[in-house]
Amino acid sequence: MAGSDTQNPVVIVGGGIGGVSLAGALRARGHLGGIVLIDEAEFPYDRPPLSKAFLAGERTLKEIALQSAEWYAEQDISLLAPARVAAITPGDDSVRVDLAEGDPLEASHVVLATGGQAVLPPIPGLAETTETGRVHTLREHRDAERLRTALTPGARLLVIGAGLIGAEVASTAVGLGCSVVLADPADPPLAAAGLDVARWLHGLHRVHGAETVGTTVESLCPTEAGIQAQLGDEEAPRVFDAVLVGVGIAPRTQLAEAADLEVDRGVLVDEFHRTSHPRVLAIGDVARTRGPDGHRSEHWDAAKRDGERAAATILEAPAPTAVAPWWWSDRHGLHVEGIGEMVPDARQVVRGQVGQPPFTTFAVDGARVLGAVAVDDPQAIRAARRLIERGIEVDPDRLADPATDLRKLLRGTP
Ligand SMILES: Cc1cc2nc3c(=O)[nH]c(=O)nc-3n(C[C@H](O)[C@H](O)[C@H](O)COP(=O)(O)OP(=O)(O)OC[C@H]3O[C@@H](n4cnc5c(N)ncnc54)[C@H](O)[C@@H]3O)c2cc1C
């Protein structure tokens, strides 16, 4: 990998958490050259609130900005926004960056931080229904603003997919007084949280007034009365005012593909975020690690850490220590967090009682903690992080006992 050795700036395509954290980390680690951050939006903003406080109208776009305008000036980061990168052409000494409008740039390195876009499943009638403007996906602030106008009290909302985003929208919509049906054939959705916790979390929707149906949506049809949806083999279709499709994302790999970089369900990268061209890196939701165990993350913290790691790669500095993957979700007033991996075959140790927050479930192999999922218990997640990252051995029975002080377990004291 060539270092930041030319007079050309590092150009970051995408101002999500990955791109912004990379820009900040480059400066924090002493990069003196130019940094250009390009995003299609008016300014870089945070995505998690789009299904939570921003969707509920409790926070404005300015309030979810990732950084203030002053920060970019102080850090000497050139923010090009709104602007769209149309193509990148990697060469031996530099990478040419073509914008949809304006003069091209020459970069020492380009970092693709382009994130993902919502996937539309092949449901018969979805395309025709989309033309009515009543079908929604949620990735950008404009999506959230448009969806919010549909979430009026009494509005009938069908949410397709009960993963993180579907569940959060259902929760926010219930809070806004909508009548919500959440359809997902998975039993239970979010199984990565561990089956017991996932089942309880899914059941919470019913407790809070949403209806859950464990079926696929067979067809959609626009009618005068609203959108007709056939749910599984129910006798008659139901009618909704709006539909939110939350079945996952596809990485935005188009720039990489057009530049002949290796792409396979994401832009392929090594552990240092290098793509198949030494002057192009990829981070965040768009990047997938190479190899048989290769994976692509779709979580905020992973994108942030990727940015920090890619900065070290560009500066030829030591990479930050790897950390356990961490995610969170908020629904029906509860805060859910997960760390590490809830390996299904591992022993599940519950601290407290599932369904009575605060509680935490740990996945344990012998005396080693592999993962944890907690509801309203951030302290337990902080402890789990240290147990996982430092490989501290624990007595599972003591871990399960809510009376045990987790800080003592970290110190290995009885
Ligand atoms: C509604 C919602 C709620 C979420 N909630 C949570 C949560 O509670 N917890 C959690 O851990 N994770 C959550 N996530 C996931 C998390 O937000 C993502 O993992 C994270 O945003 C990924 O960051 P990124 O920088 O890789 O990509 P993104 O945040 O997607 O940013 C990519 C940026 O690149 C820009 N871009 C793409 N192509 C171009 C181009 N050609 N030219 C210029 N700009 C371009 C896009 O406009 C976009 O702004 C949520 C995501 C969404 C959508």
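## Starting at Pro378

Which helix holds Pro378? Pro378 sits in helix α9, which covers residues 378–390. Keep in mind that this is a predicted model. Pro378 is partly exposed, since its relative accessible area comes out at 35%, and that value falls between the 20% and 50% cut-offs. Val286 is 92 residues away from Pro378 in sequence, and the C-alpha atoms of the two are 28 Å apart in space.

## How the chain is divided

The protein chain splits into domain 1 (10–117 + 249–314), domain 2 (126–245) and domain 3 (333–411). Between domain 2 and domain 3, the C-alpha centres are 32 Å apart. These two domains do touch: eight residues of domain 2 make contact with 10 residues of domain 3.

## Two helices packed together

A pair of packed helices can be summed up by the angle between the axes and the distance between them. For helix α1 (residues 17–28) and helix α8 (residues 300–314), the angle is about 35 degrees and the axes are 7 Å apart. The crossing of α1 past α8 is right-handed.

On the α1 side, the contact is made by Ile17, Gly18, Ser21, Leu22, Ala25 and Leu26. Their counterparts in α8 are Trp300, Ala303, Lys304, Gly307, Glu308, Ala310, Ala311 and Ile314. Sorted by class, the α1 and α8 contact has nine nonpolar residues, three polar ones and two charged ones.

## A strand covered on both faces

Side chains in a regular strand alternate between the two faces of the sheet. Strand β7 (residues 109–112) is a handy case to look at: His109 and Val111 are on one side, Val110 and Leu112 are on the other, and all of them are buried.

## Two open antiparallel sheets

Backbone hydrogen bonds pair the strands of a sheet, in either a parallel or an antiparallel way. Six bridges link β21 with strand β22 (residues 334–340) in an antiparallel arrangement, and Ser329 is opposite Val336 of β22.

Five bridges hold β4 and strand β5 (residues 95–99) in an antiparallel pair, with Val85 bridged to Leu99 in β5.

Most peptide bonds are trans, and most residues other than glycine have a negative phi. Here are some exceptions. Ala81 and Pro82 are joined by a cis peptide bond with omega at about 0 degrees, and Pro82 is in the loop between β3 (78–80) and β4. Another cis bond runs from Pro357 to Pro358, where omega is near 0 degrees. Pro358 belongs to strand β24.

As for positive phi, Leu190 has a value near 60 degrees without being a glycine. You'll find Leu190 in the loop between β11 (179–183) and α6. His273 isn't a glycine either, yet its phi is positive at about 75 degrees. His273 is in the loop between β18 (267–269) and β19. Is His273 buried or exposed? His273 counts as buried because its relative accessible area is 6%, and the cut-off for buried is under 20%.

Definitions and conventions
Residues are numbered from 1 along each chain as its sequence is written. This is a predicted model: local features need pLDDT of at least 70, side-chain atom pairs count only at pLDDT 80 or more; totals for chains, interfaces and linings use all residues. Side-chain values use heavy atoms; hydrogens and water are left out. Axes are lines fitted to C-alpha atoms, for helices over the stretch in contact, and angles run from 0 to 180 degrees between N-to-C directions. Helices (H or I, at least four residues) and strands (E, at least two) are DSSP runs, numbered from the N terminus. A crossing is left-handed if the near helix is turned anticlockwise from the far one by less than a right angle, and right-handed if clockwise. Contact means heavy atoms within 4.5 Å. Ala, Val, Leu, Ile, Met, Phe, Trp, Tyr, Cys and Pro count as nonpolar, Asp, Glu, Lys and Arg as charged, and the others, Gly among them, as polar. Buried means under 20% relative accessible area, exposed over 50%, partly exposed in between (1.4 Å probe, protein chains only). Domain bounds come from an automatic or database domain assignment. Two strands pair if DSSP finds at least two bridges between them.
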